[in-house]
Amino acid sequence: MTKALESIHYLLMRRWLILILAFSAGVRFVNLSRPKELVFDEIYYVDGARDFLKYGVEIEKGASEFIVHPPIGKWVIASGIKLFGDNPFGWRFSTALLGTISILFVYLIAKHLFSSKRWALLSAALVSLDGLHLVMSRTALLDMTLMFFILVGLYASLKENFWAAGLLFGLALATKWSALYYMAFFGVYYLVRDIYRIRQSEESKTQKYFNAVVLRTGQLAILPVVTYVATWFGWFNSTLGWSRNWGSENAGLLPNAFRSFWHYHSEILYFHTHLTENHNYEAKAWSWLFMYRPTSFFYKTPKGCGTDSCAQEVLAIGTPLLWWCAAIALVLLIAFWLKNKVTNHGFILLAIAAGYLPWFIYPQRTTFTFYSIIFEPWLIMALVALLRIYYLSSFGKQKFKFFSIIFLTFLVALNFIYHFPVFTGQILTYNDWYSLMWFKKWI
């Protein structure tokens, strides 16, 4: 009887996961070609993907082009164009696929952290109901690819597969440099953890300390850097890339290609540390959790809504209720962790810190709310962690707590449906669109 009940429970859990993934794929792939135009920074990244397919490097009007982001994110976009053609569906296919798969990894990570399929399903369901995750999945930018590699890399580290984690961190770094903070935060975390474990043992420690430092450095520092350099194969294999021949004019100990590579990266670093241009949708890091100033990726006043005044927008905004609850949960979870030092909660908080805190170092830099997608899954897992604490506490009746969590999820789903038109660029009457703009800063 017990085995039969366990089998039924397993089938129900698996069915719920399939439904969540099917729903996630549906809202990401249906009408993926809308809008038909390039939106926001797609104009740069799709253009770069086209150049990669044609030249292996990025070119502008037949001349080399200075580009400030590494190649992998654009190769991901290029793979969709290669499969489905140079059209809106082809541009966005790969990020939509990675966005859908990332929800499966949220489930797997949450299952590992909470040792529960139910809480893992709730985590995956809430991520599937987040507007920012949906918008970034349906747009050919670099950030969904970055988030995906970081997420899967951290899953690999949780499973103690550090070689795979190092490779994935390298791919993340080769998408955007902000992955470097995850390498630093978790490299130090795992090294400190190893040293602590060695200190608890009674065996000879000197050699073990040395081995731990060498091994973790190789896995979480050297391997990612080697992977990163390897992803520039198109640039190394071409004479057309920007700064590709700089080394031939400057004598030094390194081969010409690597002197040119070093020079290129020094110029990229200068760009990133001095980017202070004003932008209408820039948002400082402190405001991201509250969705104070979301980024409008696309806005148009087309026809076809049944009235003279129509609006069509893609707004990169998280489901408001979900993010506001998660922001409160983050503060409470930090307080709970400081008191109880639960390891799995600390891991979630560290993943948020690695993606969020570094942006406070450069308050003058031009930043956008959608940068928060890199830690969005972990923020939602922080909310689930707090709900789990609440559910398992001795406070209140179990049935009431269960239904209150279900009710909160239902409200998040309603909020997701309500704002769905601006997540997916649907054509609305102007009045209907304006009703979705709850605050002036959202316009």
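**Close-up views of a predicted model**

View 1. Val384 is a residue of helix H15 (helices, H or I, at least four residues, and strands, E, at least two, are DSSP runs numbered from the N terminus). The model is predicted: local features need pLDDT of at least 70 and side-chain atom pairs count only at pLDDT 80 or more, while totals for chains, interfaces and linings use all residues. Residues are numbered from 1 along each chain as its sequence is written, and side-chain values use heavy atoms, with hydrogens and water left out. With a relative accessible area of 0%, Val384 is buried (buried means under 20% relative accessible area, exposed over 50%, and partly exposed in between, with a 1.4 Å probe and protein chains only). Setting aside residues up to four places away in sequence, Val384 touches Phe114, Trp119, Leu122, Ser123 and Leu126, contact meaning heavy atoms within 4.5 Å. Between Val384 and Phe169 the C-alpha to C-alpha distance is 25 Å, and the two are 215 residues apart in sequence.

**View 2. Helix H14 and the helices around it.** Helix H14 (residues 343-356) has 14 residues and reaches 20 Å from its first C-alpha to its last, close to the 20 Å expected at 1.5 Å a residue; the expected span is 1.5 Å times one less than the number of residues. Because 12 of its 14 residues are buried, H14 is largely enclosed by the rest of the structure. Among these buried residues are His345, Phe347, Ile348, Leu349, Leu350 and Tyr356. The buried residues of H14 pack against helix H4 (88-114), helix H7 (143-158), helix H9 (179-200), helix H13 (320-340) and helix H15 (376-392).

**View 3. Strand E4 between its pairing partners.** Seven of the seven residues of strand E4 (residues 310-316) are buried, so E4 is largely enclosed by the rest of the structure. Cys310, Gln312, Val314 and Ala316 point one way from E4, and Ala311, Glu313 and Leu315 point the other way. E4 pairs with E3 in the antiparallel sense over five bridges, where two strands pair if DSSP finds at least two bridges between them. In E4, Val314 stands opposite Phe298. Strand E5 (residues 427-429) also pairs with E4 in the antiparallel sense, over three bridges, and Thr429 in E5 stands opposite Cys310.

**View 4. The salt bridge between Lys300 and Glu37.** Lys300 and Glu37 form a salt bridge with their closest N and O atoms 2.6 Å apart (a salt bridge is a side-chain nitrogen of Lys or Arg within 4 Å of a carboxyl oxygen of Asp or Glu). The pair links distant parts of the chain, 263 residues apart: Lys300 lies in strand E3, and Glu37 in the loop between helix H1 (2-29) and helix H2 (42-55). Lys300 is partly exposed at 36% relative accessibility, and Glu37 is partly exposed at 31%. A search of the whole structure finds nine salt bridges.

**View 5. The salt-bridge network around Asp194.** Glu160, Arg193, Asp194 and Arg216 are linked in a network of salt bridges. Asp194 forms a salt bridge with Arg193, their closest N and O atoms being 3.3 Å apart. Asp194 also meets Arg216 in a salt bridge, at 2.6 Å from N to O. The latter pair links distant parts of the chain, 22 residues apart, with Arg216 in helix H10 (residues 206-230) and Asp194 in helix H9. Arg216 is buried at a relative accessible area of 12%, and Asp194 is buried at 10%.
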